[in-house]
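Here is a short briefing to read alongside the sequence and the fold. Please keep the structure open as you go through the points.

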Amino acid sequence: MAQLFFKYSTMNAGKSIELIKVAYNYEERGKRVLCMAPSVDEKNDNVTISSRVGLSREALAIKENINILEIFMRENEKYPIDCILIDEGQFLKKHHVQELVEIVDSLNVPVMVYGLKNDFKNELFEGSQYLLIYADKIEEIKTICWCGRKATMNARVIDGRIVKEGKQIVVGGNEMYISLCRKHYSDGRIKPVE
C-alpha cells in the first residue's frame, strides 16, 4: 500500500542529499522515479535539485498552476513510475498536495516530499501545512544548532542579526538563513559570544 511521506527539517539538515540518495537507491534496483521541485521561474520546465555537498539531479518543475496528477499521468505513459520524490515541498500549494494524495490513494504510487516545516517567522508554509494534514507518515530529519541542541527554527539573518519581519519567501542560502534551537532563535544569538 503506497503512502505519502513528508520528511521535514530546518535548513542545512540534508533534505536534498536524502532525496538524491533515495532516487539513486530506487534506480540502482531498476525502478523508475519521478523527481520534481517547485519553481519560482515560470519559464523553465526543469529545475536542479542540489545538495550543499555538491551532488545534484535534474527534476521537473512544479509551477503554481500546474496539475501534478496530469504530469504524473503523462510521464507514466512514457515509462511506469515506481515513486515520486519532491524537494522544497514547503513551496507546494494546497491543490498540489491534494493531487499527490490522489496519486497515492488511487494509483498506489508512493510519494516522498522533503521540505521545511516552518519559515523564519516560525509560521507554517502553505505546502507544509497541507503535508502535515494529509501525509501518512511524517518524519523529522534532525540537525543541530551551533550550541549542540536540536535545531527547530529557521532564522533569516541580515547584517549579522536575526530578522522576523518581511516576505515569507526570499531565496537565499547559508549567507541568509541559519538553523537554530528555539532558545537561540528567541534570544537572537546566531553564534557563541566571543
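**Sheet, helices and ring contacts**

Strand β2 (residues 33-38) runs parallel to strand β5 (residues 83-86), and the two pair over 4 bridges. Within this pairing, C35 stands opposite L85 of β5. Please bear in mind that this is a predicted model.

**The sheet**

- Both strands belong to an open sheet of 7 strands with mixed pairing, in the order β3-β4-β2-β5-β6-β1-β7.
- At the edges are β3 (46-50) and β7 (137-140), each of which pairs on one side only.
- From one strand to the next, the twist averages 30 degrees.

**Helices on the sheet**

- Helix α1 (residues 15-28) lies across β1 (4-9), β2, β3, β4 (56-62), β5 and β6 (111-116).
- The direction of α1 is at about 165 degrees to β6.
- Helix α3 (residues 94-107) also packs on the sheet, where it touches β1, β4, β5 and β6.
- For α3, the angle with the direction of β6 is about 155 degrees.

**Aromatic pairs**

- How many aromatic pairs does the structure hold? There are 2.
- A pair of this kind is described by the distance of the ring centres and the angle of the planes.
- F6 and Y8 form a tilted pair, because their planes are at 35 degrees, with the ring centres 5.8 Å apart.
- Are F6 and Y8 buried or exposed? Both residues are buried.
- F91 and F125 also have ring centres 5.8 Å apart, and their planes are at 85 degrees, so this pair is edge-to-face.
- Why does the pair of F91 and F125 tie together parts that are 34 residues apart in sequence? The reason is that F91 lies in the loop between β5 and α3, while F125 lies in the loop between β6 and α4 (126-134).
- F91 is partly exposed, at a relative accessible area of 28%, whereas F125 is buried, at 5%.

**Charges over rings**

- The charged end of K7 sits over the ring of F5, at 5.7 Å from the ring centre.
- Over the ring of Y185 sits the charged end of K164, at 4.3 Å from the ring centre.

How values were computed:
Residues are numbered from 1 along each chain as its sequence is written. This is a predicted model: local features need pLDDT of at least 70, side-chain atom pairs count only at pLDDT 80 or more; totals for chains, interfaces and linings use all residues. Side-chain values use heavy atoms; hydrogens and water are left out. Two strands pair if DSSP finds at least two bridges between them. Axes are lines fitted to C-alpha atoms, for helices over the stretch in contact, and angles run from 0 to 180 degrees between N-to-C directions. Contact means heavy atoms within 4.5 Å. Rings of Phe, Tyr and Trp (its six-membered ring) pair if their centres lie within 6.5 Å; planes under 30 degrees apart count as stacked, over 60 as edge-to-face and the rest as tilted. Buried means under 20% relative accessible area, exposed over 50%, partly exposed in between (1.4 Å probe, protein chains only). A charge sits over a ring if NZ of Lys or CZ of Arg is within 6 Å of the ring centre and within 35 degrees of the ring normal.
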